[in-house]
Amino acid sequence: KHFHMQCENLIKPLLRAFTHQQFKVRVIAVEACGEIIMHGSYKALENTVTQLAERLFDSIPQVRQAVIR
């Protein structure tokens, strides 16, 4: 109940982590966004869809696989 109301506040910091230098941070940020989208409001999807699409062209395969999952 409380997560659903607060999930939009978590999106902006995660979007900044999408461009982090270390790929493990990018992978975790993508996975966290997936959880927020699945268990939060669908407004989060509208805010992250373009950033997630950009991560499909990441140079690291683990990041691309995280987006697909």
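Before you click anything, here is how the pieces are named: helices (H or I, at least four residues) and strands (E, at least two) are DSSP runs, numbered from the N terminus. With that in hand, colour the protein chain by secondary structure and walk along from the N terminus: the order reads α-α-α-α. That comes to four helices and zero strands.

A word on what you are looking at: this is a predicted model, where local features need pLDDT of at least 70, side-chain atom pairs count only at pLDDT 80 or more, and totals for chains, interfaces and linings use all residues. Residues are numbered from 1 along each chain as its sequence is written, and side-chain values use heavy atoms, with hydrogens and water left out.

**Stop 1: the whole chain**

Zoom out. Along its principal axes, the C-alpha trace of the protein chain spans about 35 × 20 × 15 Å.

How much of the chain is buried? Of its 69 residues, 32% are. Here buried means under 20% relative accessible area, exposed means over 50%, and partly exposed is in between (1.4 Å probe, protein chains only).

**Stop 2**

Next, look for charges. Side chains of opposite charge can pair when their charged atoms come close. A salt bridge is a side-chain nitrogen of Lys or Arg within 4 Å of a carboxyl oxygen of Asp or Glu, and the structure holds three of them.

Select Asp58 and Arg26: they form a salt bridge, with the closest N and O atoms 3.1 Å apart. This pair links distant parts of the chain, since Asp58 is in the loop between α3 (43-55) and α4 (61-68) while Arg26 is in helix α2 (residues 23-39), 32 residues away.

Put together, Arg26, Arg55 and Asp58 are linked in a network of salt bridges.

Are these three buried or exposed? Asp58 is buried, at 6% relative accessible area. Arg26 counts as buried too, at 8%, and so does Arg55, at 14%.

**Stop 2: Glu31 and Arg69**

Now pick Glu31 and Arg69, whose side chains meet in a salt bridge (4.0 Å, N to O). Here again distant parts of the chain are linked: Glu31 is in helix α2, Arg69 is in the segment after α4, and they are 38 residues apart. Check the surface around them: Glu31 counts as partly exposed, with 38% relative accessibility, whereas Arg69 counts as exposed, with 68%.

**Stop 3**

Last, select Lys12, which lies in helix α1 (residues 2-17). Lys12 is exposed, with a relative accessible area of 63%.
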